[in-house]
Amino acid sequence: MIEAVPDCLDGSPRQLRRFWSDEFKATAVEQACQRGVNVSAIARQIGILPSQLYRWRRELSGSDELGQAAATVDPQSVVSDPVVEIIIVNIVVRVGRHVDEAHMQRVIRAVRSA
């Protein structure tokens, strides 16, 4: 039996690989290691998959522990996005700058009715 394996599948787009600097990775990991931050949202903001950000975090820390990754990055080197906290009874709603006002109003109404 003869097997043929193509080098590249026909019709599939050839994508160039992106390379990120160590400083960029460290900054992204620092943002992702902050308490109360959504790692997936950070990954979307910088244009990568969440799994990539988790991998960078593991690489920088040398393990899976979150605290060690934060210790490898200077916290003063990163400027975080402003977040507004809205407290309704005993529920805290955190809103970033990219949240649509209409969506925020729906969330506040849902929290008040709960």
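Student: Which residues line the second largest pocket?

Tutor: In this predicted model, the lining consists of Leu-16, Arg-17, Arg-18, Phe-19, Trp-20, Lys-25, Ile-48, Leu-49, Gln-52, Arg-55, Trp-56 and Glu-59. The pocket holds about 290 Å³ of space.

Student: Which helix gives the most to the lining of the second largest pocket?

Tutor: Helix α3, residues 50–61, with four residues. By class, the lining has six nonpolar, one polar and five charged residues.

Student: Two of the lining residues are Trp-20 and Trp-56. Why is the pair of their rings called edge-to-face?

Tutor: Ring centres must lie within 6.5 Å to pair, and planes over 60 degrees apart count as edge-to-face. The centres of Trp-20 and Trp-56 are 6.0 Å apart and the planes stand at 70°, so the pair is edge-to-face.

Student: What makes this pair a tie between parts of the chain?

Tutor: Trp-20 is in the segment before α1 (22–32) and Trp-56 is in helix α3, so the pair ties together parts 36 residues apart in sequence.

Student: Is Trp-56 buried or exposed, and how do you know?

Tutor: Buried means under 20% relative accessible area. Trp-56 has 2% relative accessibility, so Trp-56 counts as buried.

Student: Which class does Phe-24 fall into?

Tutor: Phe-24 has 28% relative accessibility, so Phe-24 counts as partly exposed.

Student: What kind of aromatic pair do Phe-24 and Trp-56 form?

Tutor: An edge-to-face pair, with 6.2 Å centre to centre and 85° between the planes. The angle is set against the cut-off of over 60 degrees. Phe-24 is in helix α1 and Trp-56 in helix α3, 32 residues apart, and the pair links these distant parts of the chain.

Student: Which residues do ring pairs link into a cluster?

Tutor: Trp-20, Phe-24 and Trp-56. The structure holds three aromatic pairs.

Student: What is the volume of the largest pocket, and how many residues line it?

Tutor: The volume is about 630 Å³, and 20 residues line the pocket. Val-37, Asn-38, Gln-45, Val-83 and Gly-96 lie nearest its centre. The elements giving two or more residues to this lining are α2 (39–46), β1 (83–88) and β2 (91–96), and α2 has the largest share, four residues.

Student: How does the lining of the largest pocket divide by class?

Tutor: Into six nonpolar, eight polar and six charged residues.

Note on methods: Residues are numbered from 1 along each chain as its sequence is written. This is a predicted model: local features need pLDDT of at least 70, side-chain atom pairs count only at pLDDT 80 or more; totals for chains, interfaces and linings use all residues. Side-chain values use heavy atoms; hydrogens and water are left out. On a 1 Å grid over the protein atoms alone, a cavity is a set of points where a 1.4 Å probe fits but cannot get out, and a pocket is an open set with protein on both sides within 12 Å along at least five of seven lines; lining residues have an atom within 4 Å of a point. Grid points are joined across faces, edges and corners, and a volume is the space filled by probe spheres set on the points. Ala, Val, Leu, Ile, Met, Phe, Trp, Tyr, Cys and Pro count as nonpolar, Asp, Glu, Lys and Arg as charged, and the others, Gly among them, as polar. Rings of Phe, Tyr and Trp (its six-membered ring) pair if their centres lie within 6.5 Å; planes under 30 degrees apart count as stacked, over 60 as edge-to-face and the rest as tilted. Buried means under 20% relative accessible area, exposed over 50%, partly exposed in between (1.4 Å probe, protein chains only).
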